[in-house]
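Here are my notes on the model you sent over. Have it open next to the text while you read.

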Amino acid sequence: MDTYEVFNPPTLAEPRGWNHGLLAPAGGRVLFVAGQTAGGPDGRVESGNFVAQFEVALDRVLAVVREAGGESAHIGRMTVYVTDLVAYMDARRELAAAWRARMGRHYPAMALVEVRGLVEAGAMVEIEATAVLPEQPD
């Protein structure tokens, strides 16, 4: 599968840590990944640490993508919901390191949204994604 074609129009601000648009290659299969938090198998969120929750939520997104036969580079769009924008901003360095450890230098089209709360008690981060996976061989 060819990689995404990146679109960052010069009329828009230069993206840092994301891209304005990615065009998926023809023939790919679209995978929608539901919002993932740091909840364990029982749904309980154990850690109260913002970065640790981000890492677990991203790991869970990647687990779904891998289960479907993809990899991190197949993620084309991601939305990150946080309950505390200040905590996110304060943790940007640590979050960048966690990102690179899992995603390398691949940056999907992204949105970051601050929300009042998330469904799972204690959750501070939830991540949803859309990936385009290669066609499966016949």
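The points below go from the overall fold to single residues.

1. Ground rules. This is a predicted model, so to speak: local features need pLDDT of at least 70 and side-chain atom pairs count only at pLDDT 80 or more, while totals for chains, interfaces and linings use all residues. Numbering runs from 1 along each chain as its sequence is written, and side-chain values use heavy atoms, with hydrogens and water left out.

2. Fold. The chain has three helices and six strands, where helices (H or I, at least four residues) and strands (E, at least two) are DSSP runs numbered from the N terminus. Going along the sequence, you get the pattern β-β-β-α-β-α-α-β-β.

3. Overall dimensions. The C-alpha trace spans about 40 × 40 × 25 Å along its principal axes.

4. Contacts. Take the contacts (heavy atoms within 4.5 Å) with a separation of 6 or more: 78% of them are between residues 24 or more positions apart.

5. Surface and charge. The chain exposes about 8,200 Å², with carbon and sulfur atoms supplying 52% of it; the areas come from the Shrake-Rupley method with a 1.4 Å probe, and for residues only the protein chains shown count as cover. The mean positions of the 12 positive and 18 negative charges are 6 Å apart. Lys and Arg count as positive and Asp and Glu as negative, with His and the chain ends not counted; each charge is placed at NZ of Lys, CZ of Arg, CG of Asp or CD of Glu.

6. Buried residues make up 37% of the 138, where buried means under 20% relative accessible area, exposed over 50%, and partly exposed in between (1.4 Å probe, protein chains only). A nonpolar core is a set of buried Ala, Val, Leu, Ile, Met, Phe, Trp, Tyr and Cys residues joined through side-chain atoms within 4.5 Å. The largest one has 26 residues, and F50, F54, L58, I75, M78, V125 and I127 touch the most other members. β3 (29-36), α1 (50-67), β4 (75-82), α3 (92-103) and β6 (125-133) each supply at least two residues of this core, with α1 giving the most, eight residues.

7. I127. Which strand holds I127? I127 lies in β6 and is buried, with a relative accessible area of 0%. Leaving out residues up to four places away in sequence, I127 touches A34, G35, Q36, F54, A57, L58, V61, M78, T79 and V80. I127 and V61 are 66 residues apart in sequence, yet 7.2 Å apart C-alpha to C-alpha.

8. Two loop residues. S72, in the loop between α1 and β4, is buried at a relative accessible area of 14%. Beyond four places in sequence, S72 touches L62, R102, M103 and H106. L118 sits in the loop between β5 and β6 and is buried too, at 19%. With the same exclusion, L118 touches Y81, T83, A123, M124, V125 and E126.

9. A111. Strand β5 (residues 109-114) holds A111, which is partly exposed at a relative accessible area of 34%. Not counting residues up to four places away, A111 touches M78, T79 and V80.
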